[in-house]
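Morning, everyone. Let me put the model on the screen, and then we will walk through it.

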Amino acid sequence: MEDNINNFNNFQEDSIDIKAILYQALAYWKLFALAVFISLTVAYLFNKYADPLYESQSKVLIMVDNQNINPFSAGSFWKQPVNIENEMAILRSFDLTRDAVRKTDWQVSYYRYGQIRENQMFNNTPYTVKIDSSHLQATSIKYDIVMLSSTEFRLIIAPIPEPIKLYDFYSNEYDQEQSYNLPVGIDKVYYYGEKITTDLFSFTLDYNYDYNEDHDFYFYLNSLESLATKYNSKFNVKPMHNDATIVLITLKGDNQFHVVEMVNALTEAYVNYNLNFKNKQSANAIEFIDYQLTEINTALKESEQNLENYRKENNMLDIGDVSGRTFDKLSDLDRKRAHAELQQKYFDYLESYLEKGLADKESMVAPSIIGIEDPMLIQLVKQLNELYMKRNELAATSTKLNPASKQVDLKITNTEQALLQNINNIGKTTNIQIKSIEEQITKVQKEINSLPEKQRKLIDINRKYRVNEEIYSFLLEKRVESGITRAGNVSDYTVIDKARSASIVFPKKSLNYTIALLLGLIIPIGFIFMADFFNDKVRSKKDVEDLVSAPIIGVVGHYKEEGNTVVLNKPKSIISETYRSIRTNLQFLAHEQEHKVISITSTYSGEGKTFNSINIASIFSIAEKKTVLLGCDLRKPKIFDDFNINNEIGITTFLIGRASIDEIIQTTDYPNIDIVTAGPVPPNPSELLESDRMTTLIDELKKVYDIVIIDTPPIGLVTDAVFMMKRSDVSLYVVRQNYTTKAALNTVNDIADMKEIKNLSLIINDVDIDRSSAYGSYGSGYSQGYGHGYGYGYGYGYGYGNYYAETEEETKKTWKERIFKI
């Protein structure tokens, strides 16, 4: 038993044989060819009829503006490190997508009905829809167009029972007051160029050209918001590398030209967004300066006019030396006070800006615009501007309930409180400074009061003029600088790779063909190995050698014709040569016996023991060996049919004493071969075969015949064969390819262990050349020259599984069985 287990383990290890696997696969080449053909056909049809998907891509470099900007410029105030996550949030924002859609021809979407699928059309459409923007339009309905000719078309609209909202293409908003329905629909012929107006729409169709042989089309009128929502979820934005400031913008769609257009539109909108934002900072500074200039300009003109009038009236052009020095000193103090008051106005501006609603806050004017250099104030204003910007970005991509938005709002509140406190402190300091300047002015004023009245008045008038003139010049200089900065603003985003063409990403034709080819190979391989795994039948000589210790005496190929007497009828056939090889090998067994008794058995019915019994007896008779064939299968006798003799008397009649040996021996039409049939079926075949008269029969026949062949019952069903094998000089065990189970071979090992059974050998029967090449060739057990996988064999039909249910016909295989070799 342990040897059997070791043999089985060796069998499992040896079964991993690359050469055997290749032979096995080669035997199923038709299956491989069919599977590859089907899989490639499916791949071809899929590639041809699947909706194509194209992808376009652009690359944008994000950088900090490195221009040498004037320190009073809002641009330099806004320099900050690049935050890629923030930039990607801007690119994903709904507002930016809407701006991108607005740059395209978005109002109408054109489609055509194809034979396989419906396709959206761009650019070269067979007709053009011209919308009346002064009329409200229905954007949620399908407009079917049938092009009848170059002058007429049919408009078909399905009934719309429920009222729908209409879209205003002028304001790009839905009208909330008016809604209409279309209870009966529309199916009417119109002329191209004819204006079609209903409560739901108003447009004109212009004819362009005939589109191949297609006549059926349809279109939709779009709202800007719906298209922006559609594309906002389709854009994919990601950094090119982890440490890079290059952003990749990609879009997938079913039209290669449209995806290129949309990617470039978004890229352009993104670049303009940054430029507009920077220009807005400069515009805020200019607006603040212009407001201050307006006030100063009025005062300057008034003081200038007063000075000119006073000089004319009093005929005074210059101020004296003493009064001149006093005037310069007073003018310097006036200038300092004016600058301090200007700073105080900036503080008032900040307080007023902080009182605005959070949604209206975008950016504040930088303190450097009016020369304030307080580091704490500059830092707080900068932080607030950054927070305002971040909040606006979040507002475009999320709701107020977003935790990130709440966190930013909290930071804004805290920073604003800190800024108000800082303004209050600086404001107090500025007020003290102004008060100190005014005290100094009062002292100087006393010196002026000692001067003559006319000179004193001239100084006062001249003071006001010079202060206003200096402040005006200062503000005007700042405005020019801010204007120069605005004119020199460029976007921090640079398009380094514009979308030029779209590549097809689905279906990937070469990949699909590769996958199809692999599946065409893998599926048959899986089928073969699954069938191999669950197949417990003997498939090759190696299976037998690995499981059984008894030698193999011969291999018999598959015989396609009917009848069992192949050797007698076709003595020159290749299968007859196979039996000649078996006859030669039998000469080495029990060679000391001049007269041999050979019993032939198998595990189950249908494995070919009777076929082999007849042909082994026949091959000995052809060699002029006097041979007798005994049909000891008393339960189901059948040898008599092959030799056209009767079965009225036979072994059973001899064993019960109703006939003599001479009476039961029947001659045949062939020389040197006689037959002893089984006779009538007895009720106790086992007892009869085990009786002494059976031994007597064999002994008497050995005296007369050179070879005694015994066709025994299957040993797997009854024990009759064991009795006969014990009385034999040679015992042959028939194993049938793809029929005998591997478990049945354990019976052979059990028989081999019986000391009473001599010279046990095996015959592998019904070998198919194709399957033989798949599982390894058959070799000789004792000599070379036979068993090389002949394409011949026997075709005697057998039943499967039931000893008493054998059939006599071979079923013709279907095309499936021929391909899959079932």
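Start with a charge and a ring. Arg 693 lies over the face of Phe 654, and the distance to the ring centre is 4.3 Å. The rule for a charge over a ring: NZ of Lys or CZ of Arg within 6 Å of the ring centre and within 35 degrees of the ring normal. Arg 736 also has its charged end over a ring, that of Tyr 739, 5.1 Å from the centre.

Some ground rules. This is a predicted model, so local features need pLDDT of at least 70, side-chain atom pairs count only at pLDDT 80 or more, and totals for chains, interfaces and linings use all residues. Residues are numbered from 1 along each chain as its sequence is written, and side-chain values use heavy atoms, with hydrogens and water left out.

Next, rings against rings. Rings of Phe, Tyr and Trp (its six-membered ring) pair if their centres lie within 6.5 Å; planes under 30 degrees apart are stacked, over 60 edge-to-face, and the rest tilted. How many aromatic pairs does this rule give? The count is 23. Take Tyr 143 and Phe 219: their ring centres are 4.8 Å apart and their planes sit at 5°, so this pair is stacked. Tyr 143 is in strand S5 (residues 143–147) and Phe 219 in strand S12 (residues 216–221), so to speak distant parts of the chain, 76 residues apart. Helices (H or I, at least four residues) and strands (E, at least two) are DSSP runs, numbered from the N terminus.

Buried or exposed? Both Tyr 143 and Phe 219 are buried. Buried means under 20% relative accessible area, exposed over 50%, partly exposed in between, with a 1.4 Å probe and protein chains only. The two rings also belong to a cluster linked by ring pairs: Tyr 110, Tyr 127, Tyr 143, Phe 201, Phe 203, Phe 217 and Phe 219.Now a second pair. The rings of Tyr 579 and Phe 611 have centres 6.3 Å apart and planes at 55°, so this pair is tilted. Tyr 579 lies in helix H16 (residues 574–586) and Phe 611 in helix H17 (residues 609–622), so the pair ties together parts 32 residues apart in sequence. Tyr 579 is buried, at a relative accessible area of 0%. Phe 611 is buried too, at 0%.

The structure holds 3 cavities of 30 Å³ or more. A cavity, on a 1 Å grid over the protein atoms alone, is a set of points where a 1.4 Å probe fits but cannot get out; lining residues have an atom within 4 Å of a point. Volume is the space filled by probe spheres set on the points. The largest cavity comes to about 60 Å³. Of its 14 lining residues, the closest to the centre are Gly 631, Pro 637, Lys 638, Ile 639 and Asp 711. H17 and helix H18 (639–643) each supply at least two residues of that lining.

Last, strands. Two strands pair if DSSP finds at least two bridges between them. Strand S17 (residues 552–557) has 6 of its 6 residues buried. S17 pairs with strand S24 (residues 760–767) in the parallel sense, over 4 bridges. Which residue in S24 is the bridge partner of Ile 552? That is Leu 762. Strand S7 (residues 160–168) and strand S8 (residues 173–182) pair in the antiparallel sense over 6 bridges. S7 and S8 form a hairpin with 4 residues between them, and Asn 172 in the turn has a positive phi of about 55°.

Technical notes:
1 Å grid on protein atoms, 1.4 Å probe; cavity = no way out; pocket = protein on both sides within 12 Å on 5 of 7 lines; lining within 4 Å.
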